[in-house]
Amino acid sequence: MTAAVSITNLSKTYATGFTALKGVDLEVRKGEIFALLGPNGAGKTTLIGIVCGIVNATGGTVLVSGHDVVSEYRKTRSLIGLVPQEVSIDAFESVWNTVSFSRGLFGKGPNPAHIEKVLKALSLWDKKDEKVLNLSGGMKRRVLIAKALSHEPEILFLDEPTAGVDVELRRDMWEMVRGLRETGVTIILTTHYIEEAEEMADRIGVINHGEIILVEEKRTLMRNLGKKQLRLELLSPVDALPETLAGRGLELADGGATLVYSYDTHGERTGITALLGDLNQAGLRFRDLETRQSSLEEIFVNLVKERA
Amino acid sequence: MNLHAVKSIYMFEMARTFRTVMQSIISPVISTSLYFVVFGAAIGSRIEQIGGVSYGAFIVPGLIMMSLLTLSISNASFGIYFPKFTGTIYEVLSAPISYGEIVLAYVGAAATKSIMIGLVILATAAFFVDLRIEHPFMMLLFLVLTAVTFSLFGFIIGIWADGFEKLQIVPLLIVMPLAFLGGTFYSIDMLPPVWQTISLGNPVVYLVSGFRWSFIGTSDVNIGISLAMTLFFLVACLAIVAWIFRTGYKLKT
């Protein structure tokens with residue numbers, strides 16, 4: 001199957017000399033939710049800009065559904081809906097007009113039924129005659145999404161969709177994005193909120209300093225990079241580890257009240273059984289135990305640090 | 001050709017015109033009427049006939065041209081500058097629309113608006129003076145060519161400008177003086193010879209002269225030269241616009 005977006009050796013150097021992208025290769029599959037994760041200034045928005053035709057690439061190629069974004073821009077752009085990071089909409093237009101305008105701009109004839117459907121799905125129907133000017137920030141963001149969906153795109157780009165958005169709207173947006181995926185729309189979102197990528201994405205690409213550090217299924221990423229920890233709460237705190245337990249990667253925490261054991265969930269053996277036996281022999285009793293897996297955030301911080 | 005897109009932008013721009021009807025249409029009518037009262041009636045009554053017509057009738061083509069120039073520039077420059085300023089330009093740039101279509105839509109709307117205003121001013125003038133139009137077809141041709149040319153020029157300014165000050169500076173410092181010195185209120189024959197020669201370097205002279213010829217049948221400059229110069233400015237503006245889009249100047253990074 002043709003990839004929704006296929007990027008080869010893409011680079012971008014701005015006139016100021018700043019290199020935003022350094023030979024990026026990336027493939028986004030049809031129908032998936034792909035999260036591009038990276039700190040501010042990593043090159044996420046530049047990457048989207050090039051795919052959508054707002055930024056000129058310095059080198060490399062981008063194919064959208066197999067069509068080149070430069071030579072076949074009419075085809076590729078009509079397939080894409082873009083929700084930009086900045087809330088920029090014509091303030092003096094009504095919601096209905098600005099959304100209908102977008103549909104026409106993307107080459108589709110009027111279709112009030114579709115616009116109505118989009119506005120209803122985004123809870124904007126009762127605001128359709130309202131001027132954009134009079135809407136709240138969250139509502140304006142919904143209008144941007146409605147505009148991007150007005151021409152029934154196959155691929156939707158969401159650039160930092162939930163930056164500065166309250167929790168409720170964020171949940172709503174996630175719901176909506178999942179709903180869109182159900183209808184076969186490919187979704188590419190950029191975010192620097194790990195939580196968002198973790199919650200939504202099928203696959204995650206991590207970008208930093210204009211380079212894709214890795215692309216992985218979210219589950220694989222979490223599994224491969226995720227270390228698990230076993231935390232044992234001791235009955236009585238100890239000053240130091242008994243000699244018999246040295247060299248096992250154990251650490252003391254909480255002033256000697258907790259024993260922390262890190263292990264790899266993929267190893268043949270986790271070493272837990274042996275450890276528990278040794279603890280028993282060393283006469284350490286514990287009150288409680290818990291295991292926890294590192295979050296995407298920790299994985300991410302480690303990745304970015306490693307490459308820095 | 002993405003006709004839906006051209007139509008969308010065009011209608012959007014026209015809607016903006018009608019939303020600001022006071023500022024867009026009524027104010028040029030009022031200012032032109034004032035010119036007629038002051039120059040046509042008060043001062044003009046003491047001036048002898050020029051080119052066989054009363055002074056009031058003589059200044060009609062000049063006044064229309066002056067409004068046409070300034071309004072075409074301000075409409076078109078604002079039309080493209082404002083989306084740049086607010087950031088909504090992203091949508092046009094990401095749309096499946098060619099540069100030619102973008103120009104057609106924005107410049108078409110700006111030119112339509114100034115032609116409409118030109119005709120409104122013409123109708124207003126008819127209340128003040130006896131109008132006669134010798135060559136109606138040529139009159140319309142000059143009206144359309146000028147509106148399109150200066151809308152293109154305004155479009156260029158709107159793209160070049162990166163602040164409201166720059167948006168005002170060209171119309172104020174260049175276009176207004178050229179319009180006033182372009183024979184709006186006088187025939188350049190009235191000037192000393194040196195200034196007549198200098199005036200021939202002023203593009204507005206050709207526009208006003210050609211336009212006036214279509215009204216009264218006589219002109220300062222040969223009508224063929226006027227028409228040729230007008231077309232030359234049109235082509236020059238088109239060339240600059242083509243360059244802007246080829247390089248992405250100030251639109252795309």
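UniProt positions are given here in the numbering used for this structure, feature names are shortened, and annotations may be inferred rather than shown by experiment. With that in mind, the record, an unreviewed entry, assigns "domain: ABC transmembrane type-2" to residues 19-248 of chain B. Over residues 19-248, chain B is 78% helix and 0% strand, and the end C-alpha atoms are 31 Å apart. Helices (H or I, at least four residues) and strands (E, at least two) are DSSP runs, numbered from the N terminus.

A word on how to read what follows. This is a predicted model, in which local features need pLDDT of at least 70, side-chain atom pairs count only at pLDDT 80 or more, and totals for chains, interfaces and linings use all residues. Residues are numbered from 1 along each chain as its sequence is written, while chains are lettered from A and ligands numbered from 1 in the order in which they are written.

How confident is the predictor in chain B? The average pLDDT of chain B is 86, and 100% of the residues score at least 70; pLDDT is the predictor's confidence in each residue, from 0 to 100. For the model, ipTM is 0.83 and pTM is 0.82.

Let us stay with chain B. It has 10 helices and 0 strands. The C-alpha trace of chain B spans about 60 × 35 × 35 Å along its principal axes. Buried residues are 45% of the 253 in chain B. A residue is buried if 20 or more other C-beta atoms lie within 10 Å of its own, exposed if 12 or fewer, and partly exposed in between, with C-beta atoms placed from the backbone.

The unreviewed UniProt entry also places "transmembrane region" features on chain B, including residues 167-188 and 200-217. Residues 167-188 of chain B are 64% helix and 0% strand, with end C-alpha atoms 30 Å apart. For residues 200-217 of chain B, the figures are 78% helix, 0% strand and 20 Å between the end C-alpha atoms.

Now, where do the two chains meet? In chain B, 22 residues are in contact with 26 residues of chain A; contact means that the C-beta atoms of two residues, placed from the backbone, lie within 7 Å. On the chain B side, α1 (3-19) and α4 (89-93) each give two or more residues, and α1(B) gives the most, with 7 residues. By class, that side of chain B has 9 nonpolar, 9 polar and 4 charged residues. Here Ala, Val, Leu, Ile, Met, Phe, Trp, Tyr, Cys and Pro count as nonpolar, Asp, Glu, Lys and Arg as charged, and the others, Gly among them, as polar.

Crossing to chain A, look for helix α3 (residues 95-105). Because 9 of its 11 residues are buried, α3(A) is largely enclosed by the rest of the structure. Among the buried residues are A:Phe101, A:Arg103 and A:Leu105. The buried residues of α3(A) pack against α4 (112-121) and α5 (137-149) of chain A, together with α1 and α4 of chain B. After α3(A) comes A:Gly107, with a positive phi near 85°.

Chain A also has an open sheet of 4 strands in the order β2-β1-β4-β5, with antiparallel pairing; two strands pair if DSSP finds at least two bridges between them. β2 and β5 (67-68) of chain A stand at the edges with a single partner strand each, so one side of each is left without a neighbour in the sheet. Strands β1 (residues 5-13) and β2 (residues 19-28) of chain A are joined by 6 bridges, and A:Leu10 stands opposite A:Val24 in β2(A). β1(A) also pairs with β4 (residues 59-64) of chain A over 5 bridges, where A:Ser6 has A:Leu63 as its bridge partner.

Finally, a backbone detail: most residues other than glycine have a negative phi. A:Ser65, in the loop between β4 and β5 of chain A, has a positive phi of about 50° although it is not a glycine.
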